[in-house]
Amino acid sequence: MWSFASKLWGKPNVPEQSTVPQGVLYEIMPPGAKVKRRCVYKDAQLSIRPTNIKHQYQLVVQKVVDEDEKKLLEDDDEYEDDDERAFLIGVEIGFARTMFEAAHGFKWSDPVEPEGSGYEYIMDGKASIVDMCENFAMAVAKCAWSRKKNRSYTDAPAAEVKAILTQAEEDDLEQMLSNVKIDDSELAETAEYEAAATTTPAKQKSATEGEDGLSSAPAASASAAAELPAEPDVMVDGEIIVSVLGSLYLFDPQTTDFVEIAEEVALTVVKADKYTYWMNVASNERDFSSQRIEPEMNAVFNHGYRSLIWNYFDMAGKAYSFSMIPTDDAHYNALHQGMTRAAYETLNQEPWEKVSETAQEYMLDAFEEDAEMLSLPENWSAHSESADEEAEEESDEGEDDFGKAIRHQPVPASVKTSRSAERDDEDEYNSNGSDESEAEAESGESDSEDEEGSEHDGGAGDGDGNSAKNSRLAVGYKHGRSFVVRGNRIGVFKHTDDDKIEFDTTINQIDDTRGRKFTPSSMLLHEQDSALVLADSQRPHELYKMDLESGKVVEEWKVHEDVPTVTVAPTSKFSQMTGDKTLVGLSHNMLYRIDPRLGGDNLIVQSENQAYSTKSHFTSAATTETGAIAVGSAKGEIRLFDRLGVRAKTMLPALGEPIVGIDVTSDGRYVVATCKMYLLLIDTKIPEDSAGKTGFQKSFPVARKPAPRRLQLKPEHVVYMGAPISFTPAKFNQSPDGNRSEKTIVTSSGPFVITWNLRRALGKGRGDAYSIKQYPETVVADNFRFGQDKSIVVTLPNDVLSVKRSQLAKPTRKTLMIHASDAMGSSLLSSSRNDIVDSPY
């Protein structure tokens, strides 16, 4: 038999009885659920695994498959691994022994899940299992004691460990009696089992066990510690905002572990100047770091582990990852509040005291990795992740039907469908500018030189030439086409039925109706993919409609002479699939409908605009299927509108970092906002609203703002990546089938494409549950193919690729390390050349 992730972390500092080799994992549903229990893994291994944090352990259930099934899974491109469940061991999970249909096992709860729910791991009814059950339960209790006392389990008094296990089993019995009506005979049987379970003799100690039943193997040597950064030349002084004590760890990229480098340090946040804060870390022996508090720190707080993890970059730009565990909850809470205050004032340039108490709580939640969110939608909760994967396969099949419906529509004759048509198409576009072509011929410049990107005269913003790079991406739903801006041209790419991508043709020399060339600063597919709406940053009061059959700008829209348009969005999520003529426009402080049919110099519908007197600095907008609008700003605020022409129903406080992109699921339940260093995932459902309304439809109660989930890369993973994070605007996969099919988020940073599984990201502490793939160049744009999430279009400066989501891997040293050969472009990291288009157009 073969176990997914069966290789443990290689640490000897785990209990000797740390593995139960075979059993079945069940999920116990909360009271009122239609299904009481659900099988998660029919064959699984239960084990104890140390975390990167000292004295903290996880209870891990790993899926087991046989060799034949393993091979089938490895060959399945659509397979998404759901290979393990992990739970932080503490007294709060109530780990206890149990029985189910005369079979021995264990049960425990997950504190973040609804009361009355939990998990059971059931073995067989053999008598030989009893000793294993008791020894494993005692080992878990010792790990819970270790976390509670922040000391090694080898120091645990046997009586205190026994008390933890006994208390958990008594609580379990009390819960069972409160939920189930039983007669006296049943109660007697339960009590008899309880007495028998707690008096079962322990097995004889093995030669490697100490008196406490745990392994006496030594911990990792301190000499194996990672290389420390050089001591800072100076520790910045200032007004002390907070100072806490704790132990300090440094991530070792060789062993992939956090290694303790100081048993006690002082972490101090100081105010060096107005709205300027520094964080100093030092022990009695040496200074470790002094760094300015800024987003590049990539700080992660986790209350469950009572830890802060962050990045530190030395003078040479080398990345390190530190972790500090404060001595107790009081120190942790003080550090959390002090750092959040410093980060807010640094980014917003205003006092923390001006922020309302509700907004402060919202921000504190945002900086907490394991902040509690609302439960998943009912139609998600009714399925395990394994069932969810089956649903993905079904939805992929459905997508194929949908894809056939849109791909098999007649393709206009002027839209080329093969690479062989490239020459005729370019000749057609070049011939339209006969005067320029003649001039080029006289100067000895050939058409082929022009195809390679030779420069044209056209003033600032032309952007064409050898230096031009790919910059924008628009993915179409009709005819299976995607469009990529490259300087003054647009490349057209064809998606094939086997999810590959091929270069199709080029739209050359973009100019407006007056012949002025420009490089599009943004583009949006419009009117059933028959047109592109283009913007030019040099002329922000105008928009341009390009007809895709002719490849020419056919209309110039003067939106308003006093309203510079920052960005445009479709009227509704899928209006791209309709003949709708209107758009949603956004200026720095105004949201409005644009209707080109109005004509003249003012295309703003007067009854459907909303202006704010203050400088709101709007940056991005996205719409739901019903036309509700989410708007992000440079201040970091998020506004939710149910329609145009009215003020926002909800305004979520700014964390301080500018929002560079925003997207929303079709039903409006979830919003993802992109900041430079992290994504904010927000559940807009109003808590305890019987009608299930969202923040688009009504305001949140003052004291019940939604708890945002920060999706960010682990600081220790940034060590491998070697550079600060800078995310491109994140997108949900698009599906006209609704929220049930929108289950993945895609973004990129540097040469990495990253996806988050929405279901897993919404789980407590699962913001780091992402997959990743590295490319030889910086990714400039990415998005899912329309109507599904199994294929991603990736745009590099000189390439356009199609990659299957299943090719993205879990972040590891191997997948994250940037190799010199890759940076030189000699390796495309296993991507097939058939999926890559070298596209100088």
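Cys675 is buried, at a relative accessible area of 1%, where buried means under 20% relative accessible area, exposed over 50% and partly exposed in between (1.4 Å probe, protein chains only). Cys143 is likewise buried, at 0%. The structure holds 0 disulfides, a disulfide being a pair of cysteine sulfur atoms within 2.5 Å. The model described here is predicted, so local features need pLDDT of at least 70 and side-chain atom pairs count only at pLDDT 80 or more, while totals for chains, interfaces and linings use all residues. Residues are numbered from 1 along each chain as its sequence is written, and side-chain values use heavy atoms, with hydrogens and water left out.

We turn next to the nonpolar interior. A nonpolar core is taken as a set of buried Ala, Val, Leu, Ile, Met, Phe, Trp, Tyr and Cys residues joined through side-chain atoms within 4.5 Å. The largest such core has 57 residues, and Leu681, Leu713, Ile745 and Trp756 have the most contacts inside it. A second, separate core of 35 residues includes Leu46, Tyr57, Leu59 and Met123. Leaving aside neighbours within four places in sequence, the contacts of Leu713 (heavy atoms within 4.5 Å) include Asn298, Val718, Phe727, Trp756 and Tyr770.

Ser482 lies in strand β17, residues 481–486; helices (H or I, at least four residues) and strands (E, at least two) are DSSP runs numbered from the N terminus. Ser482 counts as buried, at 1% relative accessibility. Its side chain makes a polar contact of 2.7 Å with the side chain of His495. A polar contact is a pair of N or O atoms within 3.5 Å; within protein, one must be able to donate a hydrogen and the other to accept it, and residues adjacent in sequence count only if both atoms are side-chain atoms. Not counting residues up to four places away in sequence, Ser482 also touches Leu473, Val475, Phe493 and Val793, among others.

Asp252 belongs to strand β9, residues 239–252, and is buried at 6% relative accessible area. Asp252 and Tyr320 are 68 residues apart in sequence, with their C-alpha atoms 8.8 Å apart in space.

Finally, an open sheet of 4 strands runs in the order β20-β21-β22-β23 with antiparallel pairing, two strands being paired if DSSP finds at least two bridges between them. β20 (522–526) and β23 (552–558) stand at the edges with a single partner strand each, so one side of each lacks a neighbour in the sheet. β20 pairs with β21 (residues 531–535) in the antiparallel sense over 5 bridges, and Met523 stands opposite Leu534 in β21.
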